[in-house]
Amino acid sequence: MSCRVVVGAQWGDEGKGKIVDLLSQDADVVARYQGGPNAGHTVCFGDRTFVLHLIPSGILRPRTLCYIGNGVVIDAAALREERDSLVKQGISVEGRLFVSGSAHVILPDHRVQERQSEGGEAPIGTTGRGIGPAYTDKAGRVGLRVADLLDAEIRVERIRRLRERTLLLVGQNAPVEPLDQVLARCEADAEMLRPITVNVSREIAAAVAGGKRILLEGAQGTHLDLDHGTYPYITSSSCVAGGACTGVGIGPTHVTDVIGVAKAYATRVGNGPFPSELKGELAAKIREEGNEYGATTGRPRRCGWFDVVAIRHAVRVNGLTQLVITKLDILDALPEVQAVTAYNIRGARVTELPESLAELNAAEPVCERFQGWQAPTSRARQWDDLPREARRYLDRLEELAGVSIRLVSVGSGRDENVQRQPHSRPAQVASR
């Protein structure tokens, strides 16, 4: 039995979809443990591209069972559209895709509420899909779970109460969908979800007991985590490895490996502190080369250098056992590459991620410079195939992060990867 967790080690958009798809070839079960349709996992093979928002990336492997865990918030319409799109592209989901009865449901009123909150003086920069209000209702013990959606009496009562809260929040003249239409749509959603609703906790526990190989897939990234991210510019769920256990309903003793995914540079979508952010021509060049636009929203991503301070935070709070670096090829043409190794905050050198938003906003990056390799890496498949300067850059990142880099992605295709054999773990870099 193995139970591996895949987490984003930055601000999301690290390429987890491709990595989960790659690891799924050796998995019997893949389960998504948090987030909602605000995620966008892109997987490419051959001339085909799949963008998955709710369904685990393992669905592209024909013998893999896929579960959407209780930690996810589900938009039934988005799930139906995504499922139907896969079927049209020849991907069978019948008997392979299941949803937790304890997962909460996103309703139209949640999107109305989110638009209201984002129209204030300090917008977070959400995707506007109702994720935050759905999680708010969950924490407030007034949410609608999938199991409740299947019960007509509970469904109607919860939806009516949600409408009352929405009108109190945004006003009696709010642009809301007529209640009878919402109720009719939810009835249809219930019938769509009924045959695929299961107790995911029991299913995963049975897989563990049966010696199956399990992969738990996260969305977003460590620095968007509700507790450990750059609060309040975060998402509304637990993105870190600990959230994998609560998000599918298993104990932490079952986890055997925690794999962090990070780009060879860094990106962030929406507002919030981003100490390594680049401006001007270089940022635009990386954005265009890396196609750094949201798979869900199309919004341009902010681009910056690889931030070791942020990565070391991710290593600690997730207990990372290995690191995967993606999009190394995007840096191929640069004459010089940099990595942020510390922050200068009001004259003090800081090597640990501050909890204070004010300190993060004041942080100025302290960078280490590397000679660029200015050679293509996309055909590399072994470590020694990489240019010497690229290997030096990766070796230094590994040393600074304190965790082994075992895989490097050098393109969007399934086979465009460099495998690295296990070696002695680098020494942890001491805080100063």
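The second largest cavity holds about 40 Å³ of space. A cavity here is a set of points on a 1 Å grid over the protein atoms alone where a 1.4 Å probe fits but cannot get out, and lining residues have an atom within 4 Å of a point. Grid points are joined across faces, edges and corners, and a volume is the space filled by probe spheres set on the points. Everything here comes from a predicted model, where local features need pLDDT of at least 70, side-chain atom pairs count only at pLDDT 80 or more, and totals for chains, interfaces and linings use all residues. Residues are numbered from 1 along each chain as its sequence is written, and side-chain values use heavy atoms, with hydrogens and water left out.

So who sits around that space? The lining is made up of Leu107, His110, Asp137, Val142, Gly143, Leu144, Arg158, Leu162 and Arg165. Helix α6 (residues 152-170) gives the most, with 3 residues. Helices (H or I, at least four residues) and strands (E, at least two) are DSSP runs, numbered from the N terminus.

In total there are 3 cavities of 30 Å³ or more. The largest cavity is lined by Asp75, Ala76, Ala77, Val105, Ile106, Leu107, Pro108, Arg111, Arg185, Cys186 and Asp189. At least two lining residues come from each of α2 (76-88), α3 (108-118) and α7 (179-193), and α7 has the largest share with 3 residues.

Ala, Val, Leu, Ile, Met, Phe, Trp, Tyr, Cys and Pro count as nonpolar, Asp, Glu, Lys and Arg as charged, and the others, Gly among them, as polar.

| Cavity | Volume | Lining by class |
|---|---|---|
| Largest | about 80 Å³ | 7 nonpolar, no polar and 4 charged residues |

Strand β19 (residues 405-409) runs antiparallel to β20, and 3 bridges join them. Ser409 stands opposite Asn417 in β20.

Stepping back, the protein chain has 13 helices and 20 strands. Its radius of gyration is 22 Å, close to the 22 Å that the globule rule gives for 432 residues, so the chain is as compact as a globular protein of that length. That radius is taken over C-alpha atoms, and the rule is 2.2 Å times the number of residues to the power 0.38.

Finally, two backbone details. The peptide bond from Tyr231 to Pro232 is cis, with omega near 5 degrees, and Pro232 is in the loop between β10 and α9 (241-248). Arg141, in the loop between α4 (131-139) and α5 (146-149), has a positive phi near 65 degrees.

Key. On a 1 Å grid over the protein atoms alone, a cavity is a set of points where a 1.4 Å probe fits but cannot get out, and a pocket is an open set with protein on both sides within 12 Å along at least five of seven lines; lining residues have an atom within 4 Å of a point. Two strands pair if DSSP finds at least two bridges between them.
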